[in-house]
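Have the coordinates open while you read.

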Amino acid sequence: MLKINNLHARVEDKEILKGINLTVNAGEVHAIMGPNGSGKSTLASVIAGKEDFEVTEGEVILDKENLEDVSPEDRAHKGVFLSFQYPVEIPGVSVTNFMKTAINESRKAKGLEDMPAKDMLKLIREKSELLEIDRKFLSRSLNEGFSGGEKKRNEIFQMAMLEPKLAILDETDSGLDIDALRVVANGVNKLKTKDNAVIVITHYQRLLEYIVPDFIHVLHDGKIVKSGTKELALELEEKGYDWLKNEAVVK
Amino acid sequence: MDLKEKLVSSFLAFENNVDVDNPVHDIRTAAIKNFEAKGFPSKKEEAWKYTSLNSLQKIDFSIFPKMESNLEFKDVKKYFLNEIDTYKIVFVDGVYSSFLSETTHEGVDVCLMSSALNKPTYKAVIDVYFNKIACKDDSLTSLNTAFSKEGAYIYIPKNKIPKKPIEIIHFATGSEAAALLQPRNLIIAEENAELQIIERHQSLTTNEVLTNAVTEIYAAKNAIVDYYKIQNDAHSSSLIDNTYIDQKDASHVKVHTFSFGGKLTRNNLNFYQNGERIESTMKGVTIIEGKQLVDHHTLVHHIEPNCESHQDYKGIYDENATGVFNGKIIVEKLAQKTNAFQQNNNILVSDKASINTKPQLEIFADDVKCSHGCTIGQLDKDALFYLQSRGIPKKEARALLMYAFANNVLESVRIPELKTRINKIIANKLGVNLGFDL
């Protein structure tokens with residue numbers, strides 16, 4: 001589904017990604033771990049098409065299509081979803097209205113009519129139940145005054161509504177207490193099918209107890225320095241990242 | 001002949017059509033003298049540093065424009081707030097249109113300045129209020145006073161509340177290549193009275209229009225006045241709005257100014273707090289582009305103790321647009337426990353747009369809370385990316401962010417249908433249809 005080949009990216013003069021190779025197939029869950037500043041969030045943003053980053057080499061291929069020059073909104077229409085570490089507050093626009101706009105813009109891009117109001121309400125009800133979201137919450141302004149946990153839960157709610165092919169969860173666990181973490185993870189697990197894929201970006205192993213990955217990749221200094229199965233997370237938890245950094249240097 | 005000379009000499013012609021024995025005419029005569037002495041303000045004056053009236057003075061304005069009589073309601077329906085019932089005071093090229101208006105004398109007076117100035121019934125009120133709070137020294141206000149003849153007259157007696165909001169609408173039909181309009185409004189809310197007003201100036205063609213309006217508002221003890229100014233005019237129209245507000249004990253006056261269009265718009269909004277426990281609120285949203293200019297000059301004069309003032313102005317400037325915000329707050333020595341708050345936030349969408357923002361605080365009391373802040377920034381790129389990553393195209397995403405930026409001013413509009421209307425104007429202006437009423 002997703003194939004990243006030798007991806008280099010920089011912001012201004014600073015090179016952040018230095019040759020990433022990654023293949024994600026439908027039905028898989030991948031975790032990307034690594035110390036602060038290793039390039040995890042940059043990788044997520046580059047896949048989603050953030051224009052601040054310049055891709056200097058390599059490519060991101062989604063379903064055989066090179067995403068170079070594809071705008072963030074078109075990537076979303078093609079099924080890419082990024083759950084943000086710091087979701088943005090939009091005063092005056094309710095969660096419901098925001099979702100209506102997002103869904104109908106996607107439909108418009110696919111040449112479909114707006115979703116009938118009745119279907120929209122049904123979908124909202126169904127997905128908000130999945131994430132244990134109170135109805136009152138849906139009429140609040142998007143992310144305005146939301147707690148950290150509410151913001152993250154709302155991100156996954158948006159993911160549930162948009163039903164992406166490829167979901168990237170950027171530090172979705174940060175700022176979550178254990179109950180919220182369970183709800184969010186449970187939501188992600190229920191949305192998982194054999195046709196979609198998830199990339200979980202996290203600093204800690206904790207989230208991976210709830211969203212169990214098929215593969216784990218460790219990012220350091222803009223490169224994937226180690227890949228493995230879920231057991232790698234435990235090893236990282238135990239030893240930290242330093243041994244990998246050293247290993248990378250030795251290599 | 002330049003515009004000033006033309007105006008001064010036109011005063012003689014004007015006198016042929018008004019009752020020169022009316023005491024009001026002495027006020028007019030004094031005013032034309034002041035205008036003749038001062039002339040139009042120039043950029044040398046601090047208050048007009050960023051806004052030049054030079055090019056407007058070169059236009060050959062018709063001082064007494066002909067009225068276009070063929071205007072039909074269906075042609076102008078969209079400028080009214082049709083969703084709710086309102087009183088309407090409508091002027092076409094400066095002349096009252098009884099056909100488009102809906103006035104009342106049932107318990108309250110919602111009618112015409114020309115009646116108020118000429119009929120004996122209103123004499124007592126006119127003697128007390130006409131041209132009392134308006135600045136007699138200001139040249140543009142004097143110009144309006146000199147030619148004052150028509151406008152809205154609203155008198156709400158003690159404990160009364162009109163049944164519905166009042167719309168004051170001025171249409172310019174383009175019957176002249178260039179028309180000067182000078183409406184004069186007088187609004188009085190007696191003790192415990194309450195009213196809502198929506199004011200709009202609308203040119204129906206691309207012919208040049210200059211409106212120099214003066215509005216005097218008197219809010220007696222406990223009165224509540226909610227005033228909404230919608231400035232969404234043609235690119236060939238200019239507006240100089242001079243509004244003077246006199247407040248007594250515990251009155252609350254709010255003025256919202258929505259500036260979305262016009263060639264040059266200057267708002268001189270002046271609050272005088274002549275009492276205690278007064279609240280004065282000024283809020284504004286400015287969204288302009290092209291070569292438009294919107295200049296907000298506010299003044300709050302805190303004269304007595306325990307009063308509050310709140311100012312919150314948001315501006316979004318695109319292309320070559322220019323904004324000015326000058327917020328002057330005077331706190332007299334006697335005005336202890338004053339709470340004055342001022343905020344002006346701006347977004348420059350283009351590199352060529354500019355904003356000049358200046359707080360001007362003169363505080364003579366020592367136990368007061370006065371805060372002011374201004375920001376100038378750009379649309380947040382991260383926020384834009386967030387919206388785009390949800391599948392919302394860039395244009396719509398930008399519109400949503402601009403809307404969110406202006407939201408807390410829009411939120412305080414207390415007539416829901418008006419709020420919806422303003423949201424639609426904004427969506428229209430930003431060229432988006434978001435599938436819901438913003």
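Is Lys6(B) buried or exposed, going by its relative accessibility? Lys6(B) counts as buried, because its relative accessibility is 19% (buried means under 20% relative accessible area, exposed over 50%, partly exposed in between, with a 1.4 Å probe and protein chains only). Before going on, note that this is a predicted model, where local features need pLDDT of at least 70, side-chain atom pairs count only at pLDDT 80 or more, and totals for chains, interfaces and linings use all residues. Residues are numbered from 1 along each chain as its sequence is written, chains are lettered from A and ligands numbered from 1 in the order in which they are written, and side-chain values use heavy atoms, leaving out hydrogens and water.

**Salt bridges within a chain**

- Over all chains, the count comes to 39 salt bridges (a side-chain nitrogen of Lys or Arg within 4 Å of a carboxyl oxygen of Asp or Glu).
- Lys6(B) pairs with Asp60(B) in one of them, at 2.6 Å from N to O.
- That pair links distant parts of the chain, 54 residues apart: Lys6(B) is in helix H1 (residues 3-15) of chain B, and Asp60(B) is in the loop between helix H3 (54-57) and helix H4 (73-76) (helices are DSSP runs of H or I with at least four residues, strands are E runs of at least two, numbered from the N terminus).
- Asp60(B), for its part, is exposed, at 58% relative accessible area.
- In chain A, Glu105(A) and Lys108(A) form a salt bridge at 3.5 Å, N to O.
- Both sit in helix H3 (residues 95-109) of chain A, 3 residues apart, or about one turn of the helix.
- Glu105(A) is buried, with 6% relative accessibility.

**Across the chains**

- Glu51(A) reaches Lys394(B) in a salt bridge, with the closest N and O atoms 3.6 Å apart.
- Glu51(A) is in the loop between helix H1 (40-48) and strand S4 (54-62) of chain A, and Lys394(B) is in helix H9 (residues 394-410) of chain B, so the pair joins two chains.
- Glu51(A) is exposed at 52%, while Lys394(B) counts as partly exposed at 34%.
- A salt-bridge network links Lys50(A), Asp52(A) and Asp382(B).

**Annotated domain**

- An unreviewed UniProt entry carries the annotation "domain: ABC transporter" for residues 2-246 of chain A; such annotations may be inferred rather than shown by experiment.
- That span is 37% helix and 29% strand, and its end C-alpha atoms lie 30 Å apart.
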